[in-house]
Amino acid sequence: MKSAILVFPGINRERDMARALQLASGSEPAMVWHADTELPKGTDLVVVPGGFSYGDYLRCGAIAARAPVMDAVRKFAGDGGLVLGVCNGFQILCESGLLPGVLMRNARLKFICHDVHLRVERSDTPFTRGYNAGQVIRVPVAHGEGNYEADEETLQRLEGDGRVLYRYCSASGEVSDAHNINGAAASIAGIVSERGNVLGMMPHPENHVEAIMGCTDGRGLFAGLVEHLAKAA
Amino acid sequence: MSSKPTPITPELVASHGLKPDEYQRILTLIGREPSITELGIFSAMWNEHCSYKSSRIHLKGLPTKAPWVLVGPGENAGVIDIGDNQAIVFKMESHNHPSFIEPYQGATTGVGGILRDVFTMGARPIACLNALSFGAPEHPKTRRLVSGVVAGVGGYGNSFGVPTVGGQVRFHTRYDGNILVNAMAVGLADADKIFLAAASGVGMPIVYLGSKTGRDGMGGATMASAEFDNDSDEKRPTVQVGDPFAEKLLLEACLEIMAADCVIAIQDMGAAGLTCSAVEMGAKGDLGVDLDLDAVPTREPGMTAYEMMLSESQERMLMVLKPEKEKQAEAIFKKWGLDFAIVGTTTPTLRFVVKHGGEVKADLPIKELGDEAPLYDRPHVESPKLPVIHARDIKPPIGVVEALEKLIGSPELCSRRWVWEQYDHVIGGNTVQRPGGDAAVVRIEDGPKGLALTVDVTPRYCEADPYEGGKQAVAEAYRNITAVGGKPLAITDNLNFGNPERPEIMGQLVGCLKGIAEACIALDSPIVSGNVSLYNETNGRGILPTPSIGGVGLLDDFTKSATLAFKAEGEAILLIGETRGWLGQSVYLRDICGREEGAPPPVNLEAEKRNGTVVRGMIHSGTATAVHDLSDGGLLVALAEMAIAGRIGASLDAGPEAIVPHAWWFGEDQARYIVTVPQDELLGVLTKLKAVGVPCLQIGTTAGHTLSIAGERAVDIKALEHAHESWFPNYMGGKA
C-alpha cells in the first residue's frame, strides 16, 4: 500500500498516523507538503491527519481546504482514489467539498479527550472491511469541534445510502444521546462520500493500534484498507 | 543620546520596579544617568523574575549534579542522560500573575513559554504537566479562573500537539487573590546534540526568528515581580497573547535548522524578551552584542527602542547562526512562513549596544547587566513549630465510612477528570499511563524505555513546617514515580511564595529549600532546572508556600509499569511502610473536623528510599499487581481509589488496637504504599520484606463490589465512584 500523508502547517498527528500505516502495511507513507501540487506517483491512499491546520483560525479546516495540494487530492478522489481524513482531516474534507456537512463546536463547548465507543455500521466498504457490521470498537477522541451537522436532506441521503460508517455508542453498541459525546447529528462519527471512496471521521483509530499500548481496536480500519488495496491490485 | 531624552525622575524609576538603592547601583555602574531605554533594560534584567535577587543565595544549596546530569540550572532547561544517546530536557515555570488577570491567555502563554524553553535546547516536546492552585471553590472568581486556565492550558498544548499527561489541581482560600499556574514540559533530544545559549565567535550574525514584535506583554516580568492590589485588573495589557500555531511552526523550523547543523547558539525570548535573550547569549559567551532594532520585524509601526526591548510578544527566538549556513537557515524559515531577520552581530567589546533610527539607544556593559544585579540576603525568620496533634485528642465527628464517602467526593480529593479530559493526553501514541494515576508513563519513541512523570507538593504541610514540607514535596514525587515502577532521576522546581521582603515569607522559602535540598540528596534526584515566583500576594496576604516539584523517572521497560487499579479478586492487600496515625495537617482533620492545624507528618528520607526501592523491585519482578502511593486522605482514600479504578472491592481488617480508627484510616504518615500481590506470592513477599527491615502488613483482600471494613457498613464501589466523579462537573456547572 502506497499511502501519502498530507502535511499542512499546524497538523500534529501526522507521526501517529505514519506509525499506524507503517504497522498495518509494512511500508512507510510519504509525507506530502501542503504547497506541493502533485501526489507521489502510484499513491493509492491519501490521508489527511489530525491537528490544527493553520491554527484552525478563521474556521477549522477552511484554510487547508484551499491549499495547493488539495486540488491534487480532489482530482485523486474524483478518479476514485481512497482518501481518509481523521479529526482535522475530516473538517478539511468537509471544507474542501469532498464530503457534505460541517463540524461545529462540541455541544458542551469544551475540548474532549477520552476513549469512546463506535458502532461500525457496515463491513462491506474499504474503510470497514476489517470489522464486522455492528461491531463496537473503542478509540480515543480529541477534539473541540466534532459536532457533525448537515441539512435534513443531506442527512436523509447519508442514512438512505448507508454512508454513515461509524456512530458514537455505548460499550454494548446502543446509540443514544447519552453517548453522543459532541452532539453530532444522528451520533455520526464518520461518513463516506457518495462514491464511497472518501471517509471522514472524528475519532483517532491511529492511536489504538498497538497491543503493547493497551488497545488495538483501531487496527481493523488500516488492516482493512491494506486488504482492500491488495485485492484491488 | 536620544533626540528628546525622557527625564529620569524618581517616579519613573519607581514605576520600573527599581528601588532607590538599586537605581544608585545603576548610576555607579555606568557612571551617568541612563537613557529611558537603558532604564527599561535594567528593570527587565534586575527584577525578581529574571535576576532571582532574593532567592539566589539560597538556591546555591540545592544539589544540581549527578553523573547523568548533562545540563543543570542556568540554561533554558535542564538535561539528563538516559542512555543510548537519548537525553530528556525538562523544566517547569510559573505564569501566575498573568493567569490571574487574564486566565486563558495567561495559561496559554505559560505553556507556550515552557515548551519553547525545551525545544530551544534541541528537544522535541513529548509531554506536558501542570500544577494549578485556585482559590476556595466558593470564592466568586474561582469558577471563571478554573474554566479559563484549563481551557488555556488545553488550547495551547492541544494545538501545538503535545500530550498533557499529568498534574495537580488544588483549591484553597489563600489563593483567592493569587492563583498559581505552573507548567512543565518534557522533551526528547539526542544527547550529543544539545543546544545552548552561549554565543561564540566575533562578528557572527544574530538572527531573530518567529513572530513579529508587538506591544503586548510590555513589562510583564516586572509585573510578575510585584504584589497585586485591587487595581490588578488594570494590568491586563501586560499579559501576552499566545499563538500555538506560530509556536508549532517555530518548533518544526528550529528542529529542522538544528538538524541541518546551522546553529551556534539559541535562546528563546521569554520574560523580558529581546533584552534578556540578547544579554544572556552575549554574557554567557563572553562577547558583546550590537543590536540594530531597525531590522526587528514589528507588528505595528512607530514602536520605540524602549518598547521593542521590553516587549514580551510570544513565539520568538534569537539565534547565532554559522555564517556559511545563513542562506540554508533562511530558506527553512521561509518554508515555514516565519519571520527571519539579522538583527545584530557579536562583538569583542563586552558592551550591549542597541541602535535604532541611526541613534544609539543603549550602551551598557553586558556582563554586569546580569552579574551585578542586586543580590539580597533578606532577613528571614523560621516559621514557629506547631504542636504535634495526638490522634486520641481528636474526636471523630462522623464514622469512618461516612468520612470516606465525604472525602472521596470533596474538592480536595475528587477526580480531576473534568480537567484532564480537556487536554489531549493521547497525541503521540505514547501515553502508557494516562492522567489519574500516581504518575504518568510515556513511552520513549518505540520503547522499551519509558518516562514516569509527576508534579507534587503539599502546600499546607509547607505552611505548617517549611522544612518538612519541602522534604515531603520531593519525597512524594519520588513515591509517585516509584509507584509506577520508575527510577527517579531528577527534578525541576517551581518555587511559589509571597513577598520576600517579609521575613516570615523569606523564612518559608529558606526552610522549604533546605528540606528540598536534603531530600534531593538523600533520594539521588538533583535539581536540573527551575523557576522562582515571588510576590504572590494580594493586599498583603500571601499564598500558601507552594514549591512545586516536577519529577522525572525512567523505566527501562515501560511494559513493566504498575497501575493503581485492583486487578483481580482474592489478592492480598499489603500496606508497606510504618503507620502511626498522623492526623496533624491531614485532609481528614481539615475537611472532616474543620481544623487546619498541627505539625505535618515528618518525612524519614531513609525510610522513603528503603521502602521505595523495595516497591520498585516488586513491580519489576512482576510480584506487585497494583501499587498506589499513600498521600492526601491516607489509607482508606487510597484503597477507595484503587477499588474505583479497578471496579473491584476489598474486604479489610480492622486497624490495630494501638491506633484509633480515624487515625489508622485517614492519617497521612509518609513513606507508605499499598501493593497487591497474588496469594501464592504472599508468604515470599512478607518474608523478604521482613528480612530487609521494611514494615509490611496484610490489611485485607480484594473481593466483591464493596469496600467493607470489619465491623463497619460496607460501601458500594459504584457509589464511591459516583461521588468521586461528580464534584468537579457539578461545581463547574454551578451545582456545587
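Strand S17 (residues 487-496) of chain B is mostly covered, with 9 of its 10 residues buried; buried means under 20% relative accessible area, exposed over 50%, and partly exposed in between (1.4 Å probe, protein chains only). Strands (E, at least two residues) and helices (H or I, at least four) are DSSP runs numbered from the N terminus. The model is predicted, so that local features need pLDDT of at least 70 and side-chain atom pairs count only at pLDDT 80 or more, whereas totals for chains, interfaces and linings use all residues. Residues are numbered from 1 along each chain as its sequence is written, chains are lettered from A in the order in which they are written, and side-chain values use heavy atoms, with hydrogens and water left out.

Two strands pair if DSSP finds at least two bridges between them. S17(B) runs antiparallel to strand S21 (residues 546-555) of chain B, to which 9 bridges join it. Within this pairing, Pro488(B) has Gly553(B) as its bridge partner, and Thr492(B) has Gly550(B). With strand S18 (residues 527-533) of chain B, S17(B) pairs in the parallel sense over 6 bridges; here the bridge partner of Asp493(B) is Gly530(B). The chain crosses from S17(B) to S18(B) through helix H19 (residues 503-522) of chain B, and this β-α-β crossover is right-handed, a term that applies if, with the strands pointing away from the viewer, the path from the first strand over the helix to the second runs clockwise.

These strands belong to an open sheet of 6 strands in chain B, ordered S14-S15-S16-S21-S17-S18, with mixed pairing. Strand S14 (431-433) and S18 of chain B stand at the edges with a single partner strand each, so one side of each is left without a neighbour in the sheet. The twist averages 25° from one strand to the next, where axes are lines fitted to C-alpha atoms and angles run from 0 to 180 degrees between N-to-C directions.

A salt bridge is a side-chain nitrogen of Lys or Arg within 4 Å of a carboxyl oxygen of Asp or Glu. By this rule the count over all chains comes to 58. Glu300(B) and Arg215(B) meet in one such contact at 3.0 Å, N to O. Glu300(B) lies in the loop between strand S9 (288-292) and helix H12 (305-310) of chain B, and Arg215(B) in the loop between strand S7 (205-210) and helix H9 (220-223) of chain B, 85 residues apart. Glu300(B) is partly exposed at 29% relative accessible area, as is Arg215(B) at 32%.

The side chains of Glu256(B) and Lys335(B) form a salt bridge at 3.2 Å, N to O. Glu256(B) is in helix H10 (residues 244-259) and Lys335(B) in helix H13 (residues 326-335) of chain B, so the pair ties together parts 79 residues apart in sequence. A further salt bridge joins Asp261(B) and Lys322(B) at 3.0 Å, N to O. Asp261(B) counts as partly exposed at 39% relative accessibility, and Lys322(B) is partly exposed with a relative accessible area of 22%. Salt bridges that share partners join Glu412(B), Arg460(B), Arg590(B), Asp591(B), Asp632(B) and Glu668(B) into one network.
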